[in-house]
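Have a look at the structure first, then read on.

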Amino acid sequence: MAGAAAEERRLATVVESWLGRPVLVIGDAMLDEWRFADSDRLCREAPAPVLSLRRRISAAGGAANTAVNVAALGGRAVLVAPVGADAAGDELHDCLDRAGVWDRTVNQPGRPTPVKRRMLAGNQILLREDSGDPDDVLEQDDVARLLTALECATEELRAAAGGEVPTLVVCDYGLGSLPAPVRAWLVAARDRYATVALDAHDLADWRGLAPTVVTPSFAEATRLLARAAARSDTHLHLDHHCGADPADGPSELSVGSAPGHPTPAENPAANDSAGDPAGDPTGGSADGVRAASRLPFGQPTGPTGEPTPGEDRVAMTGDGLSVTGTGLTVNAEAGDGVDRAVLAESRLAELRAHTGADVVAVTLDTEGAVVGGADGAPRRSHSTPVPASHAVGAGDVYLAAMTLALAADAPLPTAAQLAQLAATITVSDTGTCVCRREDLLDALDVPAGGPGHPVLVAPDELADIVAAHRDAGRSVVFTNGCFDVLHPGHVRYLQQARALGDLLLVAVNSDGSVRRLKGPDRPVNPVEDRVTLLAALSCVDHVVVFEEDSPTALIETVRPDVYVKGGDYPPEMVPEAPLVRRLGGQVRTLGYVPDRSTSAIIERIRAQATGAPATGHRSDGPGQTLTGRPA
């Protein structure tokens, strides 16, 4: 037990160490839409269920979800990606804003935002509609603006991190966001990034990048090896380790067409004949690849090594005997006896050679992952089987955690362990997976505040606590207010404030201070209740109560890197701004949320009690009234 506790503390130390790591994410951003419906009958026109829509959820997908997970895990995430000037793009911007991702996406008026729409009944996905076409290529001007955004975001991130070299994550899912000029820029700028992570459907396009880590699915790894074998005009063998019983599984994967079937060159329509209607063209069912038989096929004549339309999946055919994909066939005569982990382990060295990566992590969906580094020792991690609707985006979680751990100089076994743990704890329900830093630390039985750093602190403890955080390289965000009736405007405001640094310190007016500012009928809730609710928010690291009418004394003690106030007025109008700037900090004001003020909520309650109409107030922001006083 003591050893297990020590191991958890060691892993938690790595999670703490990556707080505020600057990470630039670029690639194919999309919107995930989930429509949950009820169905209790079939329609008369066809044997199809009649659906009654109950709720709809939107989430960031693809590269955007990777950026969301980097931010949720405690990194400082910036996203650069083309996004359409449409309703889906607006929703995606909102998702990034709520997650605290620095949105540096490039507006593309003539190019729609890719969307994956799922319709569910009883948590069962009935259909998925995809929009967004890889043929919607970026125009030359759009490419130029994307490169400008990349250059600016890289410098902005480095400046915000005090000169620390940022990490780069590339998410290439074949949707056209990373054309050749962008890939060339990233390859040429490789030395501007300390750690580079790559998740790409077509890894061959990125050989010159020399990434730190690549995270292909089993199907993507298989496809890369198949093309390499085709280019060298040799068979591709996936042999068991020495000593394994040949009867336990397959030993060969053949490039080309299945026996008795024409090659893609002979039958172009074959490119689209291998799909599984329920498969996920971004890699879901692709990981269902199974084994090769011990009977060799003929000389491969299929692929040329170049990607072809439709070559984004490898799926089981109806007879259960073979697995086919465009230009790729695997005879699965051995059936369920095939161990994909064994096959992946045997080819890690070749995958590293073909990708130029220091680390290769072959993900096996519900079977975990196989990871290999320069030492040649494969490392196996395991996951818990879950319904496919629970695992959407789990690969993004894995990529984000693996990247942050390697950027924090964690040993490869530790990085692999944390990445698998982060992905595993997110698959408990239907939806797009996101792992928060707090969830990961909870899984390690370590509170997010860390030992010796309680959430609720006294004013005379602040100096030592802030000094400890600064010694660990963390930046401090400070805000203050009454927070009398905690509402969604407060929550969003605090989430946005937390995204501006590594930890958020909230100073709360005492009851006496609130009465002097607001009148004898306030506060509605005593300070004990107010700080309890604030301390329960995952975005709040520390809460302190102050008796004065102004937080000036606390600001002088904390010397915040960023001081945040709610309101739509310029920072120059904040009374504390001169002091904060004199102490070396910056001042930020965050916009208001309409009809989300404490005063408006209290007035509505009183109006309902008396029967009088409520006039309503416009809030100057969470924590602010029109006068600029804390709400």
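Predicted model: local features only at pLDDT ≥ 70, side-chain atom pairs only at ≥ 80, totals over all residues.

**Cysteines**
- C152 has a relative accessibility of 48%, so it counts as partly exposed.
- C482, on the other hand, is buried, at 0% relative accessible area.
- Searching the whole structure turns up zero disulfides.

**Salt bridges**
- There are 27 salt bridges in the structure.
- One of them pairs the side chains of R227 and D202 at 2.7 Å, N to O. This pair links distant parts of the chain, with R227 in helix α6 and D202 in the loop between β11 and β12, 25 residues apart. Both R227 and D202 are buried.
- D375 and R379 meet through their side chains at 2.5 Å, N to O. R379 has a relative accessible area of 18%, so it is buried.
- Another salt bridge joins D549 and R516 at 2.8 Å, N to O. D549 sits in the loop between β23 and α16 and R516 in helix α14, so the pair ties together parts 33 residues apart in sequence. D549 is partly exposed at 40%, while R516 is exposed at 52%.

**Cavities**
- Ten residues line the largest cavity, with F218, A221, T222, L225 and A344 nearest its centre.
- Helix α6 gives the largest share of that lining, four residues.
- By type, the lining of the largest cavity splits into eight nonpolar, one polar and one charged.

Definitions and conventions
Residues numbered from 1 in each chain as written. Heavy atoms only, no water. 1 Å grid on protein atoms, 1.4 Å probe; cavity = no way out; pocket = protein on both sides within 12 Å on 5 of 7 lines; lining within 4 Å. Helix = DSSP H or I, 4+ residues; strand = E, 2+ residues; numbered from the N terminus. Nonpolar A, V, L, I, M, F, W, Y, C, P; charged D, E, K, R; others polar. Disulfide = S-S within 2.5 Å. Buried < 20%, exposed > 50% of the residue type's maximum accessible area, 1.4 Å probe, protein only. Salt bridge = Lys/Arg side-chain N within 4 Å of Asp/Glu carboxyl O.
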